Amino acid sequence: MKVVLLVLAGFAGLLALVALIGAALPRRHVASRQASYRQTTSVLYQAVRDFAAQPQWRTGVRSVELLAPAEGRAGHREISRHGAITYRVQEDRPAERLVLAIADENLPFGGTWTYEFKPCAGGASVRITEDGFVKNPLFRFLARFAFGHAATIETYLRDLGRKFGESVQPQP
C-alpha cells in the first residue's frame, strides 16, 4: 500500500511541476514554417482554399462542414480525431494571402493561421504562420515541450506536397 501511495504522490508532484512550468510559459506564441512546391501560387491557393476537399489529402482530417457566412465571413468546421474546430476567414487575397481564425471560444486554444503564397524559382512557396494562444497550463507545457508549436504546420505543408506528388521539407 505504501508503494502505491508513493507512486501516486510522485505522479501528483510531477503533475504539479508540469503545471507550474506551464503557468510560467507565455500564453501566446508565434510559429512559422514554409515549403516550396513545383506549383503556381494559384494552384497552391486553390488547394488550401478548397476546405471541403481537404479530408482527401490532409492527415487526420475526417470531414469538413462548410458553414453559412457570418458577418460576411466564410467559415468551415473541421472534424478530426481531436474533435471539431470552427474557422472563419479573416482575410482572403487569392493566390497571395489567406488568414483563418479559430472561431470557437470554448476550445483550450485559439488564434490565427496566415497562409502566404509567393512565387519562387521553379514554382511557389507557402508560408504558414500560427499566431496562437493556449489557455490551459498543462496543455501549454505539452504544446511547448512535447508536440512543438510548429508540428501541425509542418504536417500540413508535407500533406500539401503529397497532394501534388511532391516530397517537401518545411523550413523555419
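Ser 125 touches Ala 35, Ser 36, Glu 116, Phe 117, Lys 118 and Cys 120, leaving out residues up to four places away in sequence; a contact here means heavy atoms within 4.5 Å. Ser 125 lies in strand β7, and at 10% relative accessibility it counts as buried. Buried means under 20% relative accessible area, exposed over 50%, and partly exposed in between, with a 1.4 Å probe and protein chains only. The model is predicted: local features need pLDDT of at least 70, side-chain atom pairs count only at pLDDT 80 or more, and totals for chains, interfaces and linings use all residues. Residues are numbered from 1 along each chain as its sequence is written, and side-chain values use heavy atoms, with hydrogens and water left out.

The chain as a whole has 4 helices and 7 strands. Helices (H or I, at least four residues) and strands (E, at least two) are DSSP runs numbered from the N terminus. From that end on, the elements run α-β-α-β-β-β-β-β-β-α-α. Of the 172 residues, 38% count as buried. Among contacts between residues at least 6 apart in sequence, 52% join residues at least 24 apart.

In soluble globular proteins, nonpolar side chains tend to be buried together. The largest nonpolar core in this chain has 30 residues, and those with the most contacts inside it are Tyr 37, Leu 98, Tyr 115, Phe 117, Val 126, Ile 128 and Leu 160. At least two residues of this core come from each of β1 (28-37), α2 (41-49), β2 (61-70), β4 (83-93), β5 (97-102), β6 (109-120), β7 (123-134) and α4 (151-163). Such a core is a set of buried Ala, Val, Leu, Ile, Met, Phe, Trp, Tyr and Cys residues joined through side-chain atoms within 4.5 Å.

Phe 117, leaving aside neighbours within four places in sequence, is in contact with Thr 41, Leu 44, Tyr 45, Val 48, Ala 95, Glu 96, Arg 97, Leu 98, Ser 125 and Val 126. Leu 160 is found in helix α4 and counts as buried at 0% relative accessibility. With neighbours within four places again set aside, Leu 160 is in contact with Tyr 37, Leu 44, Ala 47, Val 48, Trp 57 and Val 126. Leu 160 and Tyr 37 are 123 residues apart along the chain, while their C-alpha atoms are separated by 9.0 Å.

Leu 160 also takes part in a contact between helices, made by Leu 44, Ala 47 and Val 48 of α2 and Tyr 156, Leu 160 and Lys 163 of α4. The axes of α2 and α4 come within 11 Å and cross at roughly 115°. Axes are lines fitted to C-alpha atoms, for helices over the stretch in contact, and angles run from 0 to 180 degrees between N-to-C directions. The two helices α2 and α4 are therefore roughly perpendicular to each other, a term for angles of 65 to 115 degrees.

Elsewhere, Ile 85 lies in strand β4 and is buried, with a relative accessible area of 18%. Ser 80, found in strand β3 (residues 73-80), counts as buried at 17% relative accessibility. Leaving aside neighbours within four places, Ser 80 is in contact with Gly 60, Val 61 and Arg 62.

Conventions:
Parallel < 35°, antiparallel > 145°, perpendicular 65-115°, else oblique.
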